[in-house]
Amino acid sequence: MMWFLAVVLGCVLSPVYCASTDIEWCYHQASCNDTLWHTIAPKYCNGSRQSPIDITSANAEANENLTAFTFYNYNSTTAFKSFSNTGNTVKVSFDSGVKVSGGDLSETYDSLQFHLHWGNGSSVPGSEHTVDGKQYPMELHIVNLKSSYNGNTTLGIADSEGLAALGFFIEVMDGNAMGSPASWKTLTSYLQNITNIGTSVNMAPGLTLDALLEGVDRTKYYRYLGSLTTPDCNEAVVWTVFKDSIKVSKDLIDLFSTSVYFKTRTNSELMTNIYRSVQGNELRVTTQATQTTEATSAGVSIPASFSLALTALSLVLLKF
């Protein structure tokens, strides 16, 4: 059967991602999966800046404005309020005061929640974005709304840059470690309490966003203007996709596809393959400018390799 977006199932990505209350869509059934979203919600899902996309790293244009972000309260041990099963994903809601700015965003954005996309265990990938054709096991999205909208998501989805999404790839860490890192062991321990649709559990203090994102260089990323990845697919998102992946042990990644259900344990299958396929849009992607020069002379850039060669030559000449 097809499941309703709003009251029956709840919004997949919190009110931020709920532009409609009567659109029927799903991930797992041929009658309503993402191959039909362009007809189910044609206003945006059939648009020209749809997400996710395959990022071709060689084609990413240099943009010197893509500076470091400032993350507010990403180290807070009390930022996480609840963990819930929406019927299409699992979602962690934040307390107020979690924000992000910088990174060429037009203003400060309030961080509202994060949710995840996955395939079927660590061996069947399910990230939404891909890079050079590579799909990762999972992808984490932190959803942010312009602070000037004071929580009004209706205004956010009507603005071409009203939302900012931070995307992080998740892949299996090297070695045979289990239950690692500790932050992800804590997070996945809540899955047993949100097995069925509509269930939610309050989260105890202690876990932080910084801990979940440990090991990721948050100064290196790709940027493009895209859309929500669920209906209505509003084209209102400034996408940031980080180059470094979060490393999580295989056993913890596998828990997502073996613990929670689309509906309930007794009348639906396990929640697997919850991602939208990459879209065919040719969207402009930018990234940090690579350092190609190390010295200048009379306003003329000298390639770094040439500069090193000159330094080596000068050292040789000093010996004579």
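Analyst: In this predicted model, cysteine 26 and cysteine 32 are both buried. The two are joined by a disulfide with an S to S distance of 2.1 Å. The link between cysteine 26 and cysteine 32 is right-handed, with 100° about the S-S bond.

The count of disulfides comes to two. The other pair is cysteine 45 with cysteine 233, whose sulfur atoms are 2.0 Å apart.

Next come the charged pairs. Side chains of opposite charge can pair when their charged atoms come close. The count here is eight salt bridges. One of them joins glutamate 171 and lysine 247, at 3.8 Å from N to O. Glutamate 171 sits in strand 11 (residues 163-172) and lysine 247 in strand 15 (residues 246-248), so the pair connects parts 76 residues apart in sequence. Glutamate 171 is buried because its relative accessibility is 19%, under the 20% cut-off. Lysine 247 has 38% and is therefore partly exposed.

This pair belongs to a network of salt bridges that links Lys134, Glu171 and Lys247. Lysine 134 also has a place in a sheet: it is in strand 9, opposite valine 131. Strand 8 (residues 130-131) and strand 9 run antiparallel and are joined by two bridges. The open sheet they belong to has three strands in the order 1-8-9, with mixed pairing.

Arginine 218 pairs with aspartate 210, with 2.9 Å between the closest N and O atoms. Arginine 218 counts as buried because its relative accessible area is 16%, whereas aspartate 210, at 28%, is partly exposed. Lysine 250 and aspartate 254 form another salt bridge, at 2.8 Å from N to O. The two lie four residues apart in helix 6 (residues 250-259), so about one helical turn separates them. Lysine 250 is partly exposed, with 45% relative accessibility; aspartate 254, at 18%, is buried.

Nonpolar side chains group as well. The largest nonpolar core holds 54 residues, and Phe80, Phe83, Phe114, Leu116, Ile142 and Trp184 touch the most other members. Another core, of 18 residues, lies apart from it and includes Ile55, Tyr149, Phe169 and Trp239. Leaving aside neighbours within four places in sequence, the contacts of isoleucine 142 include Phe94, Phe114, Leu166, Phe168 and Leu213.

Serine 76 lies in the loop between strand 3 (69-72) and strand 4 (80-85), and its side chain reaches the backbone nitrogen of threonine 78 at 3.2 Å. A polar atom of the serine 76 side chain is also 3.4 Å from the backbone nitrogen of alanine 79.

Terms used:
Residues numbered from 1 in each chain as written. Predicted model: local features only at pLDDT ≥ 70, side-chain atom pairs only at ≥ 80, totals over all residues. Heavy atoms only, no water. Disulfide = S-S within 2.5 Å. Buried < 20%, exposed > 50% of the residue type's maximum accessible area, 1.4 Å probe, protein only. Polar contact = N/O pair within 3.5 Å; in protein donor to acceptor, adjacent residues only side chain to side chain. Pairing = 2+ DSSP bridges. Core = buried A, V, L, I, M, F, W, Y, C linked by side-chain atoms within 4.5 Å. Contact = heavy atoms within 4.5 Å. Salt bridge = Lys/Arg side-chain N within 4 Å of Asp/Glu carboxyl O.
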